[in-house]
Amino acid sequence: MNLFFISLGCDKNLVDSEFMLGMLQAGGFTMVGDEAAADVIVINTCCFINDAKEESVNTILEMAEYKKTGRCLALVVTGCLAQRYQKEILEEIPEVDAVLGTNSYTDIVHAVEQAAGGIKYENFHTLERLPEPGVRRSITTGGHFAYLKIAEGCDKRCTYCIIPSIRGAYRSVPLAELVAQARQMADAGVRELILVAQETTRYGVDLYGEKSLYRLLDCLNQIAGLYWIRILYCYPEEIDDQLIAAIKRNEKVCHYLDLPIQHASDEVLRRMGRKTTKQQIREVVCKLRREIPDICLRTTLICGFPGETQAQHEELMEFINEMEFDRLGVFLYSQEEGTPAADFADQVPEETKLEWRDEAMELEQEIIFEQTGGMAGQKIWALIEGKLPDEQVYAARSYRDAPDIDGYVFVSGADRELMTGDFVQVRITGSLDYDLTAELIC
């Protein structure tokens, strides 16, 4: 049968999708790019914030129409929305034939077969174990980079976050299994490996009794074929000397860290359930820059948390200006049912959230423009992502740029045809907003 697959949400969800695709292909299904030609449609959903929830619901409803206008026999819903609203989906969207929870995606082939045979199906395994897909993933990111999910779930329980309820407690993937996955991907041509989890910095505590991300980096650094290892989702309070030393000694580990701080007001951080203070964040950032002078630091913030005041927002703005983060993203607070913060008093009006977000991003834009403006003449290595249509210009990324969230380096002056996945050395010639321009050296 022909199968059309939609993966929504974050890179961690994408890893689950790629395992499901591997299982479905091994099970004899043919992947198609046209939903109207699909006998089966699978949607791996997200519901982290309200916008993601709306996108997931709208996608389900849109795909449900193909049961009337296309050849679709079975509509299967998996992932976070399915885990969170399992009863509502089955009761309110009768076109859905099968629902799988976040820990049940290994059952995807059986679920599709049952649904295609006219049998309604649902499965929600306990959130206490790790899924064991037992197949090679079908990489969907182009082949030159891929994500390695090193853990599932989260123990932090921030007051605004629903993830522990739908993904469970923190469970690390055994080190040997991760190394085996990484070797498979490197053998298949992956050049950049991006480590992800709800929190990467706690890796190994549940298995080995200590934070073991440094051990994993040491092992991954030895894999032939890998050029870059990038680390995302590092909680600032968990960054220690062992991790910093591992980043410094392993030449394949990018001098790039994503450390979501969420805010800078101690009172807001306390009500968020975060484990750091402004001073502790400042100390971590300063230490990283002192120990690794060329490190690129990315962070994320939440604007409009319940009870946040204008003075606290201004405190955050002052901190952004002081820290001069290299990359920064801002989310509007989303009032998620089932979280403690959803019941907090003094919910901030939407227009105030938008105003505060715009102010933060405008300030960060000024910081980045000043940083990129001073990079002219520098030599850096870049990973080719593709060629611009009708131009002899290539889009690439530097070690400072994670895919899909950061900028590009636009490379000209090539005297040969460059291929996606090539590593080239370039000289920076200028900047275009968040992006850089460069000329090829070799």
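Helix axes are lines fitted to C-alpha atoms over the stretch in contact, and angles run from 0 to 180 degrees between N-to-C directions. Helices (H or I, at least four residues) and strands (E, at least two) are DSSP runs, numbered from the N terminus. This is a predicted model, in which local features need pLDDT of at least 70, side-chain atom pairs count only at pLDDT 80 or more, and totals for chains, interfaces and linings use all residues. Residues are numbered from 1 along each chain as its sequence is written, and side-chain values use heavy atoms, with hydrogens and water left out.

**View 1. Packing of helices α11 and α13.** Helix α11 (residues 241-249) packs on helix α13 (residues 278-291) at about 30 degrees, the axes being 11 Å apart. The two are therefore roughly parallel (angle under 35 degrees). D241, I244 and K248 of α11 meet K287, L288 and E291 of α13 (contact: heavy atoms within 4.5 Å). Two of these residues are nonpolar, none polar and four charged, with Asp, Glu, Lys and Arg counted as charged.

**View 2. The largest nonpolar core.** A nonpolar core is a set of buried (under 20% relative accessible area, 1.4 Å probe, protein chains only) Ala, Val, Leu, Ile, Met, Phe, Trp, Tyr and Cys residues joined through side-chain atoms within 4.5 Å. Among its 60 residues, I150, L195, L217, L220 and L257 touch the most other members. Helix α8 (residues 175-187) supplies the largest share, six residues. A second, separate core has 36 residues, including V15 and L232.

Terms used: Buried means under 20% relative accessible area, exposed over 50%, partly exposed in between (1.4 Å probe, protein chains only). Angles under 35 degrees count as roughly parallel, over 145 as roughly antiparallel, 65 to 115 as roughly perpendicular and the rest as oblique.
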